[in-house]
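Please read the numbered points with the sequence and the structure in view.

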Amino acid sequence: HLKVERIICDLFTAFMKNYHVLPDNWQVRVEEAGGAHDEQVRARIVADYIAGMTDRYAIREHERLFDLYWDLK
């Protein structure tokens with residue numbers, strides 16, 4: 001469970017700090033809802049995005065964002 005918690009927390013933090021790493025359609029959601037300037041709105045959208053991820057997708061996203069050698073695998 002600790003790995004899962006770490007992955008979810010890392011993804012949430014990364015997406016909150018820089019929502020531009022979200023897929024394009026989710027970036028649009030953030031901007032249209034005013035989340036670019038409203039942290040609560042952004043947090044809701046980021047949480048919705050993460051909630052919709054499968055475990056495998058969340059792990060891949062975490063590797064893409066945090067593994068220095070991800071693109072060499």
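1. Confidence by element. Among the elements of the protein, the highest mean pLDDT, 98, belongs to helix α3, and the lowest, 93, to helix α4 (residues 55-66). The model is a predicted one, and these values express the predictor's confidence in each residue.

2. Confidence overall. The average pLDDT of the protein is 93, and 95% of the residues reach a score of at least 70.

3. The pairing of α2 and α3. Helix α2 covers residues 24-32 and helix α3 residues 39-51; their axes come within 9 Å and cross at roughly 155 degrees. Because angles over 145 degrees count as roughly antiparallel, α2 and α3 are described as roughly antiparallel to each other. The crossing in which α2 passes α3 is right-handed.

4. Residues at this contact. From α2, the residues involved are Trp26, Arg29 and Val30; from α3, they are Arg42, Ile45, Asp48 and Tyr49. Sorted by class, the contact of α2 with α3 comprises four nonpolar and three charged residues, with no polar ones.

5. Arg42. Setting aside neighbours within four places in sequence, Arg42 is in contact with Phe15, Met16, Tyr19, Val30, Gly35, Ala36 and His37.

6. His62. This residue lies in helix α4, the element with the lowest mean pLDDT. His62 has a relative accessibility of 16% and so counts as buried. Which residues does His62 touch, not counting those up to four places away in sequence? They are Arg6, Ile7, Asp10, Leu11 and Asp67.

7. Lys3. Helix α1 spans residues 2-17 and includes Lys3. The relative accessible area of Lys3 is 70%, so the residue is exposed, the cut-off for that class being over 50%. Lys3 and Ile59 are 56 residues apart along the chain, and their C-alpha atoms are separated by 9.8 Å.

8. Points to check in the view.

Key. Residues are numbered from 1 along each chain as its sequence is written. This is a predicted model: local features need pLDDT of at least 70, side-chain atom pairs count only at pLDDT 80 or more; totals for chains, interfaces and linings use all residues. Side-chain values use heavy atoms; hydrogens and water are left out. Helices (H or I, at least four residues) and strands (E, at least two) are DSSP runs, numbered from the N terminus. Buried means under 20% relative accessible area, exposed over 50%, partly exposed in between (1.4 Å probe, protein chains only). Axes are lines fitted to C-alpha atoms, for helices over the stretch in contact, and angles run from 0 to 180 degrees between N-to-C directions. Angles under 35 degrees count as roughly parallel, over 145 as roughly antiparallel, 65 to 115 as roughly perpendicular and the rest as oblique. A crossing is left-handed if the near helix is turned anticlockwise from the far one by less than a right angle, and right-handed if clockwise. Contact means heavy atoms within 4.5 Å. Ala, Val, Leu, Ile, Met, Phe, Trp, Tyr, Cys and Pro count as nonpolar, Asp, Glu, Lys and Arg as charged, and the others, Gly among them, as polar. pLDDT is the predictor's confidence in each residue, from 0 to 100.
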